[in-house]
Amino acid sequence: MKNLTSFACSVRRFFIFIVHTLIYRTNPFIQDLGYLVILSLIGVLPFKIFKLRDASKPTTMDLFFTSVSSVTVSSMSTVDMEVFSNAQLIFMTIMMFLGGEVFMYLLRMCVDYSKMNNARKSTIFPTQEVAKSGSEEDGIKGKCLQVLIWLVSGYLLVVNGLGFICILIYVNGVQSVRKLLRSRSLNLETFAIFTTVSTFTNCGFLPTNEGMMVFLRNSGLQLLLIPQILMGNTLFPLCLRFLIWVLEKRTRKSEFMYLLKKPRNLGYEHLLSGIRCLYLGVTILAFIILQLLLFVSMEWRSNVLTGLDGGQKFVASLFQVMNIRHSGENVIDFSVISQAFLVLSILMMYLPSYTSYIPIDDQETIKEEENTWKKNILFSNLTYLAIFVILICITERHKIKEDPLNFNVLSITFEVISAYGNVGLSMGYTCSNRISTSSPCIDGWYGFAGKWSNGGKFLLILVMLLGKMKKYGFRGGRAWILE
């Protein structure tokens, strides 16, 4: 008994040591990468512990792929969603929430606040003047960080809470939706919370096999989801600054004034200045208009929107273009979409969340780190994506030769860029496109990657992780000069 107790204490001390090392002795990149990998490994357990809803038996690679896709909020799928039980869907909801951009931002602030408190206790100032100036600056930053933690926590709870209530009211109030979900043995409450979290985190998973395509005619549901898509990703900095501005006007507290006037002093990419928020908002609006105009001009009279009236077509078109950059909740089949819009979609999926075309002021420009040797050996993200496309073409070379209509370079590139952007859109796989029909084939609603080999799926897992970490900006490839 004593040996067992001693062993338990040793394990506890080792665990505390590992956590302390990860939090206080590693850089944010390693912390986030370790966090995502550990969550992904833990996420496989519910798929193994709880029984699936049907007799299908996904491989361990498929389950790990789904776990990584949930944690990185990518919604890349290799199995149909309706195979998962209610308990597994709840665990997926938790994984998406923990891997969401806003929650990870909150987690980063909590870690930094803890570090700041520890540093404040251990720092010894050489003189009283230095101590006074240093403590004042650290004090205001500490207060601002504490305010931000409470503000973002409230933002998370309120937006997700209101979204859950609205969707639950909708699915209970609309008979066609309620009947559809019950016919597929989907719990209404689970559907509401799963869809809310998936939409807010910009993951794109839905409990139905077809995703949002089964709700193509439900314009009300699409309109409910659009604000959550924007508030959980591209418009989050604007919403955060607006909340800070409102609270500053109401309370006149110095912390809110400091956050408005010196947002860059805290060093968070989501905390932007007023002019940067303006540029970002204009850019997002321009991207939406550009995508909407091209989509409407190419698909308004196509088979994609057949059977819908004018209002339903417009809402479906708006919903689709809102999802292309990061969310991935598609209401249309991308295998039959126009090639011009596919190319534009690839470009939109590649762009980071806070891409701004309008130049920013020189004072807003982020200073580059002086790690020359790292810049010399690193490639650009576009180069890494090209390498992954080449590697996947190698792992899938036999299928490319035997099934060229499905396994073509455009489909593979689309899948890779979608995984890198953590979007989740896919051109899918169509059995009728096969040249050889000697082997049996059943069409599925899962993504194109579901037909890849384990090697190709593992490479796509790495792409999803690369995409989730792209906010750190590797800034590689600058040693190459093209003339």
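Predicted model: local features only at pLDDT ≥ 70, side-chain atom pairs only at ≥ 80, totals over all residues.
Residues are numbered from 1 along each chain as its sequence is written, and side-chain values use heavy atoms, with hydrogens and water left out.

Rings of Phe, Tyr and Trp (its six-membered ring) were taken to pair if their centres lie within 6.5 Å; planes under 30 degrees apart count as stacked, over 60 as edge-to-face and the rest as tilted. By this rule, the count comes to 15 aromatic pairs. One of them, formed by Tyr155 and Phe236, is tilted, with 5.3 Å centre to centre and 55° between the planes. Tyr155 belongs to helix 6 (residues 128–173) and Phe236 to helix 10 (residues 236–251), so this pair ties together parts that are 81 residues apart in sequence. Helices (H or I, at least four residues) are DSSP runs, numbered from the N terminus. Burial was assigned from relative accessible area: buried means under 20%, exposed over 50%, and partly exposed in between (1.4 Å probe, protein chains only). Tyr155 is buried at 6%, and Phe236 is buried at 1%. Another pair, Phe407 and Tyr429, is edge-to-face, with 6.1 Å centre to centre and 65° between the planes. Phe407 is found in the loop between helix 17 (397–402) and helix 18 (409–420), and Tyr429 in the loop between helix 18 and helix 19 (454–468), so parts that are 22 residues apart in sequence are tied together. Both Phe407 and Tyr429 are buried. One aromatic cluster consists of Tyr105, Tyr155, Phe200, Phe236 and Tyr268.

A charge was placed over a ring if NZ of Lys or CZ of Arg is within 6 Å of the ring centre and within 35 degrees of the ring normal. Lys470 lies over the face of Tyr420, at 5.1 Å from the ring centre.

Helix 3 (residues 60–71) contains 12 residues and spans 16 Å from its first C-alpha to its last, close to the 16 Å expected at 1.5 Å a residue; the expected span is 1.5 Å times one less than the number of residues. Of its 12 residues, 10 are buried, so helix 3 is largely enclosed by the rest of the structure. The buried residues of helix 3, including Phe65 and Val68, pack against helix 2 (28–49), helix 4 (86–99) and helix 19. Helix 3 is followed by Val73, whose phi is positive, near 45°.

Ser75 is located in the loop between helix 3 and helix 4 and is buried, with a relative accessible area of 5%. A polar atom of the Ser75 side chain lies 3.0 Å from the backbone oxygen of Val423. Contact means heavy atoms within 4.5 Å. Not counting residues up to four places away in sequence, Ser75 touches several residues, among them Ser69, Cys203 and Val423.

The structure holds 1 disulfide, defined as a pair of cysteine sulfur atoms within 2.5 Å. This disulfide joins Cys431 to Cys441, with an S to S distance of 1.9 Å. The torsion about the S-S bond is about -70°, so the disulfide is left-handed. Cys431 is buried at 10% relative accessibility, whereas Cys441 is partly exposed at 25%. Cys144 is buried, with a relative accessible area of 0%, and Cys203 is buried at 0% relative accessibility.

How values were computed: Helix = DSSP H or I, 4+ residues; strand = E, 2+ residues; numbered from the N terminus. Polar contact = N/O pair within 3.5 Å; in protein donor to acceptor, adjacent residues only side chain to side chain.
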